[in-house]
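Please examine the model shown below before reading further. The explanation is intended to be read with the structure in view.

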Amino acid sequence: MPEAIYMDNAASTRLDERVLEAMRPYLFESYAVATSEFGHSMGIEAKEALEGARQSLARTLRSSPEEIVLTSGDTESSNLALKGVALALAAKKGRHIVTTKIEDFPVLNSARALERQGFEVTYLPVDGQGLVDLGELERSITEETILVSVQHSNQEIGTVQDIAAIGRLCREKGALFHADATHTYRRTVHDLSSLPVDLMTLSAHTIHGPKGVGALYVRKGTPLGKWMDGGFQEGNLRAGLENIPGAVGFAKAAELVTEEENQRLRSIRDRLIDRLLREVASTTLNGHRDRRVPQNANITFHFVEGESITLHLDMRGIEVSTGSACFSRSLEASHVIMGIGGDHERAHGSIRYSLGRYNTLEQADAVVEAMREVVARLREISPLRKEESR
Amino acid sequence: MRFPYGDKVLEHFKNPKNVGKIEDADGKAIVGSPACGDMVAVYLKVNEADHRITDIKFESYGCASNIATGSIITELAKGKTIDEAKEISWKDASEALGGLPKIKAHCSVLAVEGLREAITNYEEKHGLVKEKKPTTVDEIKRRLKSVMNPLTGLDIVRGNLITDVKLEEGTVSIWVDLPENHIFAANIREEIKERIETLWDVKKVELHFREAQA
């Protein structure tokens, strides 16, 4: 059995050894909590480590440390953004939120939860490439709109939205803007000294950091209600024992991502896309060809079903994911693929290849070869138009 | 390595038995699942003297459990009489495979339905249907509910693709709200004909698609 080719990095990544080494002292030596800083020296070390990590994360965004609220990951960050703004502004300004149909579940289901609490939510459609129409966005914002939440890039198809333009629009119309940047943080440049974003979701698990750590960037002065009650940690916005090894690991993971690495991922991505579209008949690229994150390729192989593809690939040591209904626990086809083209067949045969630090061009070539074989084999047994797909 | 299915399911998934199409089939059916968009086609050769299944093949546009069930069900049915084969259930198939995840019932039950429909198709073609009730528009619509549109994962009736059905002196006319060059028009056309032409008192099926789109 050859070494596994893991291309499901959007779901989770392998921890980088250097991240683990950075975290180790805070697991075995300075394991006190930061709130004990006036109690003993270990508490002071813990506090310094936490604030060091916060500063380091802030630098990557060109923001200030007090604008970084550490959380348990992107799910909590997005919950805090949506529910926090709702809590702060419902009585003062209004109960309308604008988001998109293709958000990841932390945003989508937070919006749905707020709807059940009496908020009004507009779910904007996207075009065939997954892009939001700025005119439509502009028209959807009213006097009552407290928050616009549009993802920076899509979790499945990798399409990158123009968050600078969206942010400007929100500023003009007087609505706060939250961007879920789970899949773009460190894969693209975020300069929050000029980018008009008020809240931004970040996570460590997509950049070879530890699971269960993330952050919400909160621009100074952004009204945000607290909904995780307990102690006064994180600027009194998020109660709970600080995850110091996690924070240190997150900062280290962020520091380790380089533009050179992103360029390398781009070339692997392009190899996959170009070869698969050229060498396998009846394929469709999902998402925008150019406006996409460096680490995502998503292609539909028509006339075959995704779970069958992933299982055949798994037997060859290749790990990917699919938008097929058969693959999901809910038995619902990917809402993203439905959102960009609206058909079940396209979701049924869609495969997402999400790349990370440990992928290589050679692996991309091996994946293409495996795809050719697996798709041919499954089309052989498919009753749908296989004559034309050979 | 760890897989979400047992060894037997994986074996039938990797190397499915009886895969393919029988061009001069005595009975055939294509069925689809509205829940997940999977499809299965079943083809039969039957000995007319004793109604025993002499050959059976299947095709699948589906997930692993769908393919594995198609494989096992064709193995179980081969050599049985059509009356015996009709009795094969999803439970029999699941047991023969050493168990299937319950969440996969909807996609694996398709092969069982496919086998039963192919047998019904054979019976109709060979005048074995016991009660010869005259065909009604309702019966035609009921049958159209098992024709799938793979694009939506819905059958063509519930997907609102049938705009009208008329029945006059053995001629059935069906209006389909899809352009004739639609990616799956040929599949849908073939499936509709397959379902309706076999009714004993239907002489002709006329299908009207919309004009081709550029």
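Residues are numbered from 1 along each chain as its sequence is written, and chains are lettered from A and ligands numbered from 1 in the order in which they are written.

Confidence is considered before the details. The score called pLDDT is the predictor's confidence in each residue, from 0 to 100. Chain B has an average pLDDT of 88, and 97% of its residues score at least 70. Within chain B, confidence is highest in strand E3 (residues 52-61), with a mean of 96, and lowest in strand E5 (residues 154-155), with a mean of 75. Helices (H or I, at least four residues) and strands (E, at least two) are DSSP runs, numbered from the N terminus. Where pLDDT is low, the predicted coordinates should not be read in detail. For the complex, the predictor gives an ipTM of 0.83 and a pTM of 0.87.

The next topic is the interface. Contact here means heavy atoms within 4.5 Å, and by this rule chain A contributes 28 residues and chain B contributes 34 residues. The size of an interface is often given as the accessible area lost when the parts come together. Buried area is the accessible area (1.4 Å probe) that two parts lose on being put together, summed over both. Between chain A and chain B this area is about 2700 Å², and carbon and sulfur atoms give 65% of it.

Which elements give two or more residues to the side of chain A that touches chain B? They are helix H11 (306-315), helix H13 (344-348) and helix H14 (361-380) of chain A. The largest share, six residues, comes from H11(A). By residue type, the side of chain A that touches chain B has twelve nonpolar, six polar and ten charged residues. In this classification Ala, Val, Leu, Ile, Met, Phe, Trp, Tyr, Cys and Pro count as nonpolar, Asp, Glu, Lys and Arg as charged, and the others, Gly among them, as polar.

Buried means under 20% relative accessible area, exposed over 50%, and partly exposed in between (1.4 Å probe, protein chains only). In helix H7 (residues 163-173) of chain A, the buried residues include A:Ile163, A:Ile166 and A:Leu169. The buried residues of H7(A) pack against helix H6 (134-140), strand E5 (145-149), strand E6 (176-180) and strand E7 (199-203) of chain A. After H7(A) comes A:Gly174, which has a positive phi, near 75 degrees.

A:Ser78 belongs to helix H4 (residues 74-89) of chain A. A:Ser78 counts as buried because its relative accessibility is 0%. Not counting residues up to four places away in sequence, A:Ser78 touches A:Pro106, A:Val107, A:Ser110, A:His178, A:Asp180 and A:Thr201.

In chain B, B:Val112 lies in helix H5 (residues 105-125). B:Val112 has 3% relative accessibility and therefore counts as buried. Leaving aside neighbours within four places in sequence, B:Val112 is in contact with B:Ile73, B:Ile88, B:Ser89 and B:Trp90. Although B:Val112 and B:Ile88 are 24 residues apart along the chain, their C-alpha atoms are separated by 7.3 Å.

Charged side chains form the last topic. Side chains of opposite charge can pair when their charged atoms come close. A salt bridge is a side-chain nitrogen of Lys or Arg within 4 Å of a carboxyl oxygen of Asp or Glu. The whole structure contains 40 salt bridges over all chains, whereas the count between chain A and chain B is zero.

One salt bridge joins A:Arg275 and A:Glu279, at 2.7 Å from N to O. Both residues lie in helix H10 (residues 259-279) of chain A, four residues apart, about one turn of the helix. A:Arg275 is buried, with a relative accessible area of 13%, whereas A:Glu279 is partly exposed at 26%. A:Arg275 and A:Glu279 also belong to a network of salt bridges that links them with A:Arg271, A:Arg278, A:Asp365, A:Glu369 and A:Arg372.

In chain B, B:Lys204 forms a salt bridge with B:Glu206, and their closest N and O atoms are 3.2 Å apart. B:Lys204 is partly exposed at 45% relative accessible area, and B:Glu206 is partly exposed at 29%.

Notes:
This is a predicted model: local features need pLDDT of at least 70, side-chain atom pairs count only at pLDDT 80 or more; totals for chains, interfaces and linings use all residues. Side-chain values use heavy atoms; hydrogens and water are left out.
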